[in-house]
2 protein chains.
Amino acid sequence: MSFTRFDRYVDRHARSFTERLQDLCRMPSVAARGTGMRAVAEKVEQMLQRVGAGTRAFKVGSGFPIIYGECGAGPRCFLVYGHYDVQPVGQLTEWSSGPFAAVVVDGVLRARGASNSKGDLVARLAAVEAYQKTYGKLPVCLRFVVEGEDGLASPSLYRFASENAGLLRADGCVWDDGYKDTRERLVINLGFKGIAFLELRAYGARTDLHSKWGGIVPNPAWRLVQALSTVVSPKGVITIDGFSSHVAPLTSDDRQMLKTIELDEAGLRREFRIGGWLHGMTGRELAKELIFGPTCTICGIRTGHTEAGAKTILPGAATARLDFRLVPDLTPELVVTLLREHLDKRGFLDVEINELGSAPYAKSSPASMVARAAIEAAGEVYGQPPVVYPLDPASGPVGAVCGANDPPTPVVSFGISHAGSNPHGPDENIRLDDFIQGVKYFGRVIHGLAALEDEAPQKRAQTALVKLNK
Amino acid sequence: MSFTRFDRYVDRHARSFTERLQDLCRMPSVAARGTGMRAVAEKVEQMLQRVGAGTRAFKVGSGFPIIYGECGAGPRCFLVYGHYDVQPVGQLTEWSSGPFAAVVVDGVLRARGASNSKGDLVARLAAVEAYQKTYGKLPVCLRFVVEGEDGLASPSLYRFASENAGLLRADGCVWDDGYKDTRERLVINLGFKGIAFLELRAYGARTDLHSKWGGIVPNPAWRLVQALSTVVSPKGVITIDGFSSHVAPLTSDDRQMLKTIELDEAGLRREFRIGGWLHGMTGRELAKELIFGPTCTICGIRTGHTEAGAKTILPGAATARLDFRLVPDLTPELVVTLLREHLDKRGFLDVEINELGSAPYAKSSPASMVARAAIEAAGEVYGQPPVVYPLDPASGPVGAVCGANDPPTPVVSFGISHAGSNPHGPDENIRLDDFIQGVKYFGRVIHGLAALEDEAPQKRAQTALVKLNK
């Protein structure tokens, strides 16, 4: 099939698509703050209706609504995941322009949420529109699931998924996260690492004390430091008892894909401004560690007084946040169990572990339909083959959406960001050329999803089981 | 000598002394805020002039003035240290009445600064007045040095001392810090521990990154935790190479005094709400550790994100503040050198050490005149012998004042606070009975300073070298 007409439509409407994205980015929707969420959710529902989708807003408990929308028809059905909430803006002074001003400078749209991931949602809906306007009805059924709690570890999505497994039955799922690497190659992920996000806490006196008591009153900050120092070695290796024995060996597919992956080490080092990588890794070893290595990251430590002014105190409590990224066969439950046993065995029975959030890993076969459709469509639009990662080093609530049915729905993830999009930091941005390329690419993916031969047939998706707003 | 007339004068003027203190406490003088400082400094100078002192306000650079006042005459000369600034008030909601309302309820005066240490200054000046009114001219020369930067680590005082060593030549020094312990015994300190307040810093990427990079990008929080874990053992022992070899053994005086010291362990544990003391110490061992043990306290750690909301990041920097309390023969310079060598030897060359502040220890002989005068005068006023600490576990700029000449001026410290005065927290307070007792006690100390036989003669103080306001 030729995409000439489709591409022409996209190019002609590029400005209008961009304005839609700017409008959406100008509506703040920081889930952690909770303001403006309903307005954005309604806007998303309207945008889905605009492309003819039947929609429904699912409200789970007191959470932010999940917008569900179904459009197109065909023998196959695919989920398209998105989220309308955005990360907190952080220090305003670090932004070159207001995070919700959605300013375009030199072809770059700067806004909180532009990259993560309002841009992806708008691009995909634009592709649906362009497809319909140029070729008519979609040849597949697309089920959009757009949540508002990505920044809150998606509690509503998990409940929604467990209560509406039927709505999530599909031949595959397209996730919303992705970018071009520093060499401008589209990155396609065939899954995500899992995550266990934990808080470790130690307690001392009922309040901060004068530090003259330091010689005789237990200091929870020292306690926490000592406990943490047993978890990861000075060389950066996770030293929790039994942990490494649960890391599965690479499959032959994994090894095959790994051969094609080469990190832009110099570019990344320049971007991060670091002298070298952990334990001096380079090349294949570095890529393997990034993709297949489990991690244990201290995301934050808080204890005592660290503001301006000399205040010599003995802290009353100390807290560390640890984030484990999990590869097969590590589960969040297992990590908590192993860590608890590890700390107890070393006498740290007093160090509390609280679970802040978790998600299982998801890993799809490169032979699955979504993977093949995504990989095969990339060359024409991007001018070079994509880089296919067996696992995204990041995590997401993929397990909620794709694990609602058994066997799990194969997932693939890609997006319109670039290596400098800084999706969690200041000056989050996308390049408009990438955005328009993303629209063109998604049109081809839609087509591929319908046209591909099914090498591994799965159960057909049923018709939606709920009444939708049309 | 009988103090009947003196005591009668004090009792008759108790109310007036209290009102003076209330007036002073109603003038806010938080050095960290910097407002109202000049007014309080002027007030202090007037109070000194009121008892006939020649005064001078020393202004060092842009700092708050140091009020110097000299009164009395005799063959001996003693320094009396004080400070007119007060601690920040902290959370106003935690106060039962305004921190500068200086309300008296049930014989307790509640105000920021009442205990630390405007009450001591007013009591000492009241004692001078009562002495003069009942017995005439002071038989010794008292040199008051009252600074306004106690809360800022006394930068001006250090410069003042180095430029005016002659003004600080004296037979002894009375410091302003002190209280009755939980058993209502007057605590007399014969010195202070030194302090080295350091900041350790590790750097990673130029900014916080998405934690998916945790497997390959160096994490400064892990780096800092690993470095810190080598500094103090899990049992709380300082493990810096060579550190313990610089801790001097106790003198026979120290051992003698230690025998009379008993901590109110149950009372303190209740106050701090802790189950037990560090490494399960109790009794003599506990007191010895508190007084003679060097400490290394983590006062604060800051790295990454620890606020509300799940934010899984890889921090770009990590900072810990360490406060070492120093006993003979540990100096701040030595601690920095030893720590640097210790970290370097273990490969932590990248962990920066910044010095935030320091003060040397000060330790006087119990045979010094100020010590004997303070100890001998206590029984009559307090009805029981004082508890004599060879070292206060806290620190102060004693080195500036008492180290300006060689050999250092012997120092002794006591005050009018009680165990529940909470000098750095909300509802700082003193009991008026303690305040009046403090006036009576200081009258006797003045007398003792003049009358005591000089067992260890020192160089005579010279006449003041500056022109004073009379």
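Predicted model: local features only at pLDDT ≥ 70, side-chain atom pairs only at ≥ 80, totals over all residues.
Now, who is being covered? In α1 of chain B, residues 4-12, the buried ones are B:F6, B:Y9 and B:V10. Look down the axis of α1(B) and those buried residues fall within an arc of 100°, so they line one face of the helix.

As a reminder, we describe a helix pair by the angle between the axes and the distance between them. For α2 (14-25) and α13 (432-451) of chain B, the angle is about 105° and the axes are 11 Å apart. That makes α2(B) and α13(B) roughly perpendicular to each other. On the α2(B) side, the contact uses B:A14, B:F17, B:T18 and B:L21, and α13(B) brings B:L432, B:F435, B:I436 and B:V439. By class, that's 7 nonpolar residues, 1 polar and no charged.

Over to chain A. In α1 of chain A, residues 4-12, we have A:F6, A:Y9 and A:V10 buried. They cover an arc of only 100° around the axis, which puts them on the same side of α1(A). Among what covers them are α2 (14-25), α4 (114-135) and α13 (432-451) of chain A. And on the face turned away from that buried side sit A:T4, A:R5, A:R8 and A:R12, which are exposed.

How do the two chains relate, then? Chain B can be laid on chain A with an RMSD of 0.9 Å, by a turn of 179° and a shift of 1.0 Å along the axis. That's the relation of a two-fold axis. Both copies use the same surface, too: 94% of the contact residues of chain B recur in chain A.

Last bit, the interface. Each side is listed with its count: 65 residues from chain B and 65 residues from chain A. On the chain B side, elements giving two or more residues include α6 (220-228), α9 (283-292), β14 (317-326) and β15 (352-359). The largest share, 9 residues, comes from β12(B). By class, the chain B side has 32 nonpolar, 23 polar and 10 charged residues.

Technical notes. Residues numbered from 1 in each chain as written. Chains lettered and ligands numbered in written order. Axes fitted to C-alpha atoms, helices over the stretch in contact; angles between N-to-C directions. Helix = DSSP H or I, 4+ residues; strand = E, 2+ residues; numbered from the N terminus. Parallel < 35°, antiparallel > 145°, perpendicular 65-115°, else oblique. Contact = placed C-beta atoms within 7 Å. Nonpolar A, V, L, I, M, F, W, Y, C, P; charged D, E, K, R; others polar. Buried ≥ 20, exposed ≤ 12 C-beta atoms within 10 Å, placed from the backbone. Arc of directions from axis to C-beta. Least-squares fit on C-alpha atoms with pLDDT ≥ 70 in both.
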